[in-house]
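The sequence and structure are shown first.

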Amino acid sequence: RAEVLLRYLLTSNKTLLANAVTALPGEPLIDYLMGRRDYTEGRFAEALPRLQATVTALADVDATGDRAYVPWVRREAAHLVAKSLWALRDYRAAADAFRFVAGLTPYTGDRMRHLDWAERCEWTLARALPEPTKGPSKN
């Protein structure tokens, strides 16, 4: 597993990442890397299911030994889920996602930052303009 991932991490070559998907089906770290790539390229809707799958898959993984990265990757994937939802203007889901991330982090500053983003989502929802109408009736 490490060799396949290391080749991609050292080069950021998209083909190597695609090869890793084939070589390691169902590997949460691959879903994270694919979702992160989609996110950084502005494809938020495509990133969302991969990142959500990562958060779910890593929920019960033993984070010891060679899996010590699990809490960090899960937290970062959850953070990108929240930011993707914000970018997609799903502010209610984004607020919940930011609060979820705040509950994952052991760092006070990080927790406060995510709670602040949840409040921004709530503020945006509270000040949302009504949906535009189709215009005046012709009757």
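How are helix 6 and helix 7 oriented to each other, roughly parallel or roughly antiparallel? Helix 6 and helix 7 are roughly antiparallel to each other, a term for angles over 145 degrees. The model is predicted, with local features needing pLDDT of at least 70 and side-chain atom pairs pLDDT 80 or more, whereas totals for chains, interfaces and linings use all residues. Residues are numbered from 1 along each chain as its sequence is written, and side-chain values use heavy atoms, without hydrogens and water.

Helices are DSSP runs (H or I, at least four residues) numbered from the N terminus. Axes are lines fitted to C-alpha atoms over the stretch in contact, with angles from 0 to 180 degrees between N-to-C directions.

| Helix pair | Axes come within | Crossing angle |
|---|---|---|
| Helix 3 (residues 28-40) and helix 4 (residues 44-57) | 8 Å | roughly 155° |
| Helix 6 and helix 7 | 8 Å | roughly 165° |

Helix 3 passes helix 4 in a left-handed crossing, that is, with the near helix turned anticlockwise from the far one by less than a right angle. Helix 6 likewise passes helix 7 in a left-handed crossing.

The largest nonpolar core has 31 residues, of which Tyr-32, Leu-51 and Val-81 touch the most other members. Such a core is a set of buried (under 20% relative accessible area, 1.4 Å probe, protein chains only) Ala, Val, Leu, Ile, Met, Phe, Trp, Tyr and Cys residues joined through side-chain atoms within 4.5 Å. Helix 5 gives the largest share of this core, eight residues. Beyond its neighbours within four places in sequence, Leu-51 is in contact (heavy atoms within 4.5 Å) with residues including Tyr-32, Leu-80 and Val-81.

Note on methods:
Helices (H or I, at least four residues) and strands (E, at least two) are DSSP runs, numbered from the N terminus. Buried means under 20% relative accessible area, exposed over 50%, partly exposed in between (1.4 Å probe, protein chains only). Angles under 35 degrees count as roughly parallel, over 145 as roughly antiparallel, 65 to 115 as roughly perpendicular and the rest as oblique.
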